[in-house]
Amino acid sequence: MPEDAALKDGTAPGRDVVPAPAAVPAVRVDGVAVRFRTKKKDVTALREVSLDIAAGEFVAIVGPSGCGKSTLLKLVAGLLAPSSGDVLLGGERVRGPRRDIGYVFQRAALLDWRSARRNILLQAEMRKIPGERARARADELIRMTGLDGFEDAYPHELSGGMQQRVALCRALLHEPPVLLMDEPFGALDALTREQMNVELNRIWRETGTTVILVTHSIAEAAYLADRVVVMSPRPGAVTEIVDVGLPAERAYAATLASPEFRAATGRIRELLGAVSAHD
Amino acid sequence: MKSALSTPTPARTAGVALRQRPGLGRRTADLAEKSWRPLALLLVCFGAWWLIAATETVESYLVPSPGATLDVILDKPGYLWQHSWVTTYETLIGFVLAVAVGIVSAVLMVASTTVEKTLYPILLFAQVVPKIAIAPLFVVWLGFGVTPKILIAVLIAFFPVVISMVTGLKAVDPEMLQLSATMGARPWQTFLKIRFPASLPHLFSGLKVAVTLAVTGAVVGEFVGADEGLGYVILQANGNLDTPMLFAGLLVMSLIGVVLFVLVEIAEKLLLPWHAGRRDPAATY
C-alpha cells in the first residue's frame with residue numbers, strides 16, 4: 001500500500017506507537033453479523049462483515065442510510081454485542097464497553113452546565129487521570145483544535161463547529177489508540193465542514209491515532225481516509241474497499257483536484273449507485 | 001476571553017458578546033417590560049372590584065370594598081402576621097420534606113425497575129385519593145397541631161416532585177450515556193456527573209408546581225381542624241360573616257404562594273444559570 005510509506009514518513013510523535021507492519025491490526029472485525037429481534041420480525045442490520053484496520057490508519061465508511069455503519073462503530077466500541085462473529089481491538093476480543101477508544105457523535109453531546117474545558121475534562125474525571133496531567137493535555141488539545149479563547153464558554157454560546165471541536169478534544173484527551181467518529185460533521189454547514197476536514201487531517205497526522213469515520217459525504221471520505229469502505233443497504237455488508245492512494249498530508253484544494261481523489265470518488269459513487277440500483 | 005477579542009471572526013465575537021451580563025439599568029428595563037402587562041391587568045381587576053363595591057352592585061357584607069379589606073390588614077397586622085407565619089411554616093416544612101422524599105423516591109425508581117413497579121401504583125393511588133378526604137383522619141390521628149397540616153402539604157406537593165424528577169432522570173441524552181460507558185464510568189459517576197445535573201431543569205418545573213400546592217395542603221389541613229393559621233382565620237371570619245377579614249386572609253394566602261413561587265424561580269436561576277441561558281432567545285440565533 002503506497003499510503004503506508006507516507007504514514008511512516010510522518011514525524012509526529014504519535015507515529016512511534018505504530019507497531020511493526022506484521023503486528024496485530026488495531027481493529028479486526030471478523031465475520032460479524034448483527035440481528036435485532038423486534039416484536040413483529042427479525043431485522044438483520046449487518047450480515048457477515050469482515051475488516052482489518054492497521055494501527056494509525058484512517059478508514060472511512062460510506063453507505064446508504066440504515067446500512068449499519070453506525071452499528072459497526074458501536075460494535076467496535078463494545079456498546080453493542082454482535083449476534084455472531086468477533087470484534088478485536090488491539091488483538092483483544094471486545095466483550096463490553098471499551099475504554100481504549102474515543103467516540104465522537106454527530107451531535108456534540110456536551111453537558112450544558114460545563115464550560116468547554118470542563119466538558120473536555122469530563123473524560124479525565126471519569127477515568128481518574130491526575131488533574132495536572134489532564135489539564136496540560138486539555139490545553140494542548142484546545143490549542144490543537146483552535147479552541148483557544150473559548151475554554152470558558154458554555155455549549156450554548158458555541159457554534160456547531162466549535163461544539164464539535166470540544167467533543168473531539170474530549171474524545172482525544174486520554175490519547176486513545178482508536179478514534180471512532182459517527183458522522184461528526186453531518187450537522188455542520190459546508191464551509192465549516194471543509195475547515196473541520198482539513199483540521200481533522202492535521203490532528204490525525206499529529207496524534208497518530210487509528211480513525212474510523214462514518215460519513216455520508218463521499219468527498220469527505222476520500223479526502224480524509226487511506227481506505228474507504230463502501231457498504232450495501234440493509235442488511236449491511238461490505239461492497240468494496242477503495243484505496244484512495246494519497247499521502248497522509250493533504251492540502252485541501254490540491255487534493256480535491258488530484259487524479260487519485262477523482263478516481264476514488266468516482267469509484268465510490270459508482271459503487272453506491274450500483275448498490276442503490278438494487279432497491 | 002481576551003485572546004478571543006483579538007481574533008474577531010463572527011463566531012468568536014458572538015460567543016463573547018453572549019458571555020456579558022446585561023447592566024443593572026438594562027435589567028430593570030427588561031423587568032418593567034415583562035411585568036407591566038400583568039400589573040396592568042391586576043389594576044383593572046382591582047378597579048372592577050372597587051367599582052362593584054362602590055356602586056353596591058353586590059351587598060357590602062358579601063363583597064367588601066378593597067378599602068375595607070386593606071383596613072382589616074392594617075388594623076390587625078399582628079393577628080394576620082402571626083397566622084400567616086404558621087401557614088408559611090407548615091408550607092415550607094411540608095415542601096422541603098416533599099422535595100427530599102420526592103427526589104429520593106425518583107432516584108430509587110429510576111435506579112431499579114423493581115422499585116418503580118412496586119412504588120409507582122402506590123404513588124398514583126396516593127395522588128388519586130382526595131387529600132381533603134384524608135385530612136380529618138390525620139387530625140384524628142395526629143391532633144390539632146401543625147403535624148397533620150405538614151403531612152397534607154407533603155402528600156399534595158410530593159407527586160409533582162417525583163414525576164418531574166423521574167422524567168428528568170430518564171430524559172438524559174442516550175449518546176451521553178454511551179459516551180460515559182466508553183469512559184469506563186461507574187454508575188454512581190454517571191449519576192453524579194451526568195444524570196443528576198441533567199435532570200435539574202425538569203425537577204425545578206416540578207418544584208414550582210409543588211410549592212404552590214404545599215400552600216393549598218397546609219390551608220386544607222387548617223380547615224379541617226386548627227386553632228391557628230390562615231385557614232383558621234378564614235373559617236373564623238366566615239363564621240362571623242366578617243367578609244373583609246375573609247378577603248384579607250385570601251389576599252395574604254395568595255401573596256405567600258406568589259412569594260414562594262418567585263423564590264423557587266430565583267433559586268433556579270442561581271443554581272442553573274446554564275439552563276436560563278439556553279432559554280434566552282438571544283442564544284438561539
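Good morning. I begin with a detail of chain A: strands β4(A) and β5 (residues 92-93) run antiparallel and are joined by two bridges. Two strands are said to pair if DSSP finds at least two bridges between them.

The model is predicted, so to speak of a local feature I require a pLDDT of at least 70, and side-chain atom pairs count only at pLDDT 80 or more, whereas totals for chains, interfaces and linings use all residues. Residues are numbered from 1 along each chain as its sequence is written, and chains are lettered from A and ligands numbered from 1 in the order in which they are written.

To return to the two strands, L88(A) has R93(A) of β5(A) opposite it. β4(A) and β5(A) make a hairpin with two residues between them, and in the turn G90(A) has a positive phi of about 60 degrees.

What is the order of the strands in the open sheet of chain A? The sheet has four strands, arranged β2-β1-β4-β5, with antiparallel pairing. At its edges stand β2 (42-53) and β5 of chain A; each has a single partner strand, so one side of each is left without a neighbour in the sheet. Eight bridges connect β1(A) with β2(A) in the antiparallel sense, and V32(A) has V49(A) in β2(A) as its bridge partner. Strand β1 (residues 27-37) also pairs with β4 (residues 84-89) of chain A, antiparallel and over five bridges. There, V27(A) is bridged to L89(A) of β4(A).

The next topic is the nonpolar core. By this I mean a set of buried Ala, Val, Leu, Ile, Met, Phe, Trp, Tyr and Cys residues joined through C-beta atoms within 7 Å. A residue is buried if 20 or more other C-beta atoms lie within 10 Å of its own, exposed if 12 or fewer, and partly exposed in between, with C-beta atoms placed from the backbone. Which residues touch the most other members of the largest nonpolar core? They are V76(A) and V228(A), in a core of 89 residues. Helix α5 (residues 160-172) of chain A contributes the most to this core, namely seven residues. A second, separate core has 48 residues, among them A98(B), V215(B), V233(B) and V252(B).

Contact, in what follows, requires that the C-beta atoms of two residues, placed from the backbone, lie within 7 Å. Leaving aside residues up to four places away in sequence, V76(A) touches V27(A), V87(A), L89(A), V94(A), L180(A) and I212(A). V27(A) and L89(A) are the bridge partners I named in the sheet.

I turn to the domains of chain A, whose bounds come from an automatic or database domain assignment. Domain 1 covers 2-100 + 177-276, and domain 2 covers 107-175. Taken over C-alpha atoms, the centres of the two domains of chain A are separated by 24 Å. In the contact between them, 11 residues of domain 1 meet nine residues of domain 2. Helix α6 (residues 190-207) of chain A supplies the largest share of the domain 1 side, six residues.

The UniProt record, an unreviewed entry, annotates residues 27-258 of chain A as "domain: ABC transporter". Its positions are given in the numbering used here, feature names are shortened, and annotations may be inferred rather than shown by experiment. That span is 34% helix and 26% strand, and its end C-alpha atoms lie 29 Å apart.

Chain B has 13 helices and zero strands. Of its 285 residues, 31% are buried. Among contacts in chain B with a separation of 6 or more, 74% are between residues 24 or more positions apart.

How many residues does each chain bring to the contact between the chains? Chain A brings 29 residues and chain B brings 28 residues. On the chain B side, the elements that give two or more residues are α1 (2-6), α2 (10-17), α9 (174-182), α10 (187-224) and α13 (273-279). α9(B) gives the most, seven residues.

Is T190(B) buried or partly exposed? T190(B) is partly exposed, because 19 other C-beta atoms lie within 10 Å. Not counting residues up to four places away in sequence, T190(B) touches L177(B), S180(B), A185(B) and R195(B). From T190(B) to I163(B) there are 27 residues in sequence and 21 Å in space, C-alpha to C-alpha.
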